[in-house]
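Work through the pocket exercises below. Keep the model open as you go.

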Amino acid sequence: MVRAWTALAYAYSIEGANGFGDDAQGSIENWRTAVENAVLLDPMDSVACNCLGDLRGCLGDLAGADRAYRRAFEYGSNHADTLALLAGSKALVAGDPAEAMPLIERAMRLNPLAPPWYFGMLGRILFTAGKHREAIAALRRSTLDSPNVLLFLALAHTAVGEAGEAARIEARLKAEFPDFSVERFITGYPVTNPDAVHAIRHAAQLARRDSVLKVLQKVLERERRLL
């Protein structure tokens with residue numbers, strides 16, 4: 001039942017971070033119960049350890065998160081899914097973000113038929129590293145009905161000055177995932193590595209600035225027509 005409890009734990013973590021439920025704290029508590037059951041059944045399950053690390057980060061225990069990630073790597077250094085998950089966690093939650101890229105590259109070597117969510121992880125790692133064009137290419141190969149993938153895609157387009165494409169994606173996010181937001185994702189994923197927080201919030205600020213400028217341009221055009 002370890003895999004079942006771990007899958008349930010990730011489901012609750014996704015529910016909380018993506019705004020799929022109206023009780024974020026309840027999602028975190030359910031996440032805690034499920035992952036603790038998984039680790040109790042098998043303390044050496046690498047995916048369960050990684051999920052526990054994410055929970056520790058969400059609860060503000062970054063030292064505990066780092067310890068759990070170290071165990072995840074110790075027990076799953078040749079397990080592709082563990083490495084892909086760990087790469088995303090290193091980039092956004094706790095530990096050394098510089099270790100994220102080698103981890104995701106190793107995961108893809110071990111699993112050459114990488115599922116779409118690997119590319120979602122790769123995209124957020126590249127975005128955090130400031131490689132926005134490469135991030136866009138990776139994210140386009142991920143699951144484009146996931147709010148967090150759409151978030152990083154919109155932010156990456158904003159960062160390279162493609163405000164129109166970013167606005168199109170943001171409109172889809174608002175229409176399809178009205179309870180999702182940058183701050184909810186940062187809090188619930190969680191995003192606690194300072195460089196990742198800065199990169200996400202900076203791009204979000206650029207997007208808001210572009211939206212304001214677009215509104216002002218429309219106002220000016222309307223006034224010119226009236227004159």
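**Exercise 1.** Find which helices each supply at least two residues of the lining of the second largest pocket.

*Solution.* Step 1: the contributors are H9, helix H10 (163–176) and helix H12 (194–226). Helices are DSSP runs of H or I with at least four residues, numbered from the N terminus. Step 2: H12 gives the most, with four residues.

This is a predicted model, where local features need pLDDT of at least 70, side-chain atom pairs count only at pLDDT 80 or more, and totals for chains, interfaces and linings use all residues. Residues are numbered from 1 along each chain as its sequence is written, and side-chain values use heavy atoms, with hydrogens and water left out.

**Exercise 2.** Describe the size and lining of the second largest pocket.

*Solution.* Step 1: its volume is about 350 Å³. A pocket is an open set of points on a 1 Å grid over the protein atoms alone where a 1.4 Å probe fits, with protein on both sides within 12 Å along at least five of seven lines; lining residues have an atom within 4 Å of a point. Volume is the space filled by probe spheres set on the points, which are joined across faces, edges and corners. Step 2: 15 residues line this pocket, and Leu151, Glu170, Leu173, Lys174 and Val182 lie nearest its centre.

**Exercise 3.** Turn to the largest pocket and name its main contributor.

*Solution.* Step 1: the largest pocket has a volume of about 710 Å³. Step 2: among its 32 lining residues, Tyr10, Ile14, Leu85, Trp117 and Met121 are the closest to the centre. Step 3: H1 gives the most to this lining, with eight residues.
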